[in-house]
Every structure is written in structure tokens, then in C-alpha cells.
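Hello,

Here is the structure for your files. Please have a look, then read my notes below.

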Amino acid sequence: MKDQITLLVDIQKIDQNVRTLNNRKQTLPEKAAELDQSFRLSKERIEEERTGLEGLNKLHRERESELKTGQDRLRKAKERLLEVKTNKEYQAMLTEIETLEQANGRIEEEILVLYDRIDERRGALRVHEREFEQVRATFEAERKKIDEDMASLDGALQEQKARFDALIGNLEPSLRRRYEMIKVRRNGIAIVAARKGICSGCNMNIPPQLYNELQRSEQILCCPNCNRILYWEEGANGE
Ligand SMILES: [Zn+2]
């Protein structure tokens with residue numbers, strides 16, 4: 001019976017290890033999802049910034065092209081000025097030229113403002129891109145760590161399963177059933193040590209007669225309070 005108790009204690013340890021490993025494993029996908037989400041947001045922000053800058057560059061090119069058209073018109077208007085015959089036509093041409101010059105001037109101003117904005121945004125983007133590369137490196141390292149943790153937890157779980165399989169065949173089926181039943185009812189802990197007259201599962205005193213019987217380890221005995229299987233732990237009772 002003593003061997004069965006030792007076996008059961010070992011099996012319970014394995015069960016607890018499996019539970020701990022599974023709990024750790026369960027947190028990993030959530031951690032990975034959080035990392036992915038945070039990285040995606042950083043990436044989106046930098047992409048928005050790039051798109052914004054591209055938009056400004058496009059606007060800048062459009063204004064440059066408008067200015068070129070405006071300058072062509074102005075040049076042609078000035079050429080025509082040399083060909084007009086009447087004073088009235090001359091005045092009309094001057095007005096047209098003035099209007100064209102004003103329009104070109106507005107475009108030029110807009111181009112200067114755009115140029116400053118582009119310059120500013122380009123500088124900011126360069127800084128943010130460097131920061132983003134750092135974010136990416138951290139993300140990739142953390143993501144790799146999660147994958148490694150997952151693999152190492154899987155390895156540890158397989159190891160525990162192999163140990164469990166090697167032991168469980170030696171456990172008496174009736175004792176196994178009893179163990180499983182108590183385990184479900186008592187939060188995973190079905191077998192506990194008796195230490196200094198106390199059940200280490202519920203911390204209640206063990207009746208002296210039961211405590212004496214435990215030392216002889218002739219049968220499976222349970223705590224009258226929490227119903228867990230009790231065992232006498234060598235060296236833990238000061239004897
Ligand atoms: Zn108890």
C-alpha cells in the first residue's frame with residue numbers, strides 16, 4: 001500500500017505540473033494577439049504618415065504643373081501685347097496679364113507653403129521610421145520568444161505525459177478512480193501529507209487514532225474533514 005501511496009503522490013505531482021504548464025500555455029495566444037495588434041497599429045500609423053506625405057507631394061506636383069501652365073499663358077499674353085493695335089486692346093491685354101500674374105503669384109505662394117509642410121513631414125517621417133524599425137525589432141523578438149515558449153511548453157507537456165503513462169499502469173484501478181473523484185471535488189488536490197497531526201489539505205487536526213494508523217500505512221485513509229487521501233510523510237513529523 002505504501003508503494004501505491006508513493007505512486008499516487010508522484011502522479012498527483014505530474015497532474016499539477018500538467019495543469020501549471022497548460023495554464024501558462026493558455027496565456028500565450030492572448031499575449032501573441034496583443035503583440036500583433038499593437039504592432040499592426042504602429043504599422044498603420046506609419047503607413048498613414050507615408051500616404052499623407054505622398055498626398056502632399058502629389059499636390060505639390062499638381063501646383064507646379066498649374067504654375068507652368070500659368071507661366072506659359074503669361075508668356076503668350078506678353079507676346080500678344082506686342083501685336084495689339086488699339087489702345088483698348090492694349091488695356092484689355094494689360095488687365096489679362098495682371099490677372100495671370102496674380103494667379104501665378106498665388107500658386108507660387110501655395111507651392112512655398114506646401115514645400116515647407118512637405119519638408120516638415122518628411123523630417124518627422126524619417127524619425128518615426130527609425131522608431132518603427134525599433135518597434136519592429138522588439139515585436140519580432142517578442143513574437144519569436146512566444147513561439148519558443150509555446151514549443152518548450154509543448155515539450156514539457158509531452159515529457160509529463162510520458163512520465164504519467166509510465167506510472168499510471170501500476171496504480172490500482174480502484175485507487176485511480178478514487179483519486180480522480182476526489183481530485184475533481186477538491187480543486188485538483190486529492191492526496192495530502194499528514195504533518196504534526198494536521199491534514200495539510202485542510203489544516204484541520206487529524207484524530208489521534210487515525211494519525212497512529214497512518215504511520216503504519218496499511219490501508220488508504222482519508223481526512224474526516226476534507227476527505228482527501230492522507231499519507232504519512234517521512235521526516236516531516238519530527239520523528
Ligand atoms: Zn483534510
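Which elements do the buried residues of α1 pack against? They pack against α2 (87-168), α3, β1 and β4. The buried residues in question are Leu8, Ile11 and Arg63. Buried means that 20 or more other C-beta atoms lie within 10 Å of the residue's own, with C-beta atoms placed from the backbone.

Two notes on the source. This is a predicted model: local features need pLDDT of at least 70, side-chain atom pairs count only at pLDDT 80 or more, and totals for chains, interfaces and linings use all residues. Residues are numbered from 1 along each chain as its sequence is written.

Overall layout. The protein has 4 helices and 4 strands. Helices (H or I, at least four residues) and strands (E, at least two) are DSSP runs, numbered from the N terminus. From that end, the order is α-α-α-β-β-α-β-β. The C-alpha atoms fill a box of roughly 135 × 35 × 30 Å along the principal axes. Of the 239 residues, 8% count as buried.

The core. The largest nonpolar core holds 15 residues, and Ile191, Cys199, Ile229 and Leu230 have the most contacts inside it. At least two of its residues come from each of α1 (2-81), α3 (173-185), β1 (191-195) and β4 (229-232). Such a core is a set of buried Ala, Val, Leu, Ile, Met, Phe, Trp, Tyr and Cys residues joined through C-beta atoms within 7 Å. Beyond its neighbours within four places in sequence, Leu230 contacts Val192, Ala194, Cys199, Leu214, Leu221, Cys222 and Cys223. Contact means C-beta atoms, placed from the backbone, within 7 Å.

Best wishes

Conventions. A residue is buried if 20 or more other C-beta atoms lie within 10 Å of its own, exposed if 12 or fewer, and partly exposed in between; C-beta atoms are placed from the backbone. Two residues are in contact if their C-beta atoms, placed from the backbone, lie within 7 Å.
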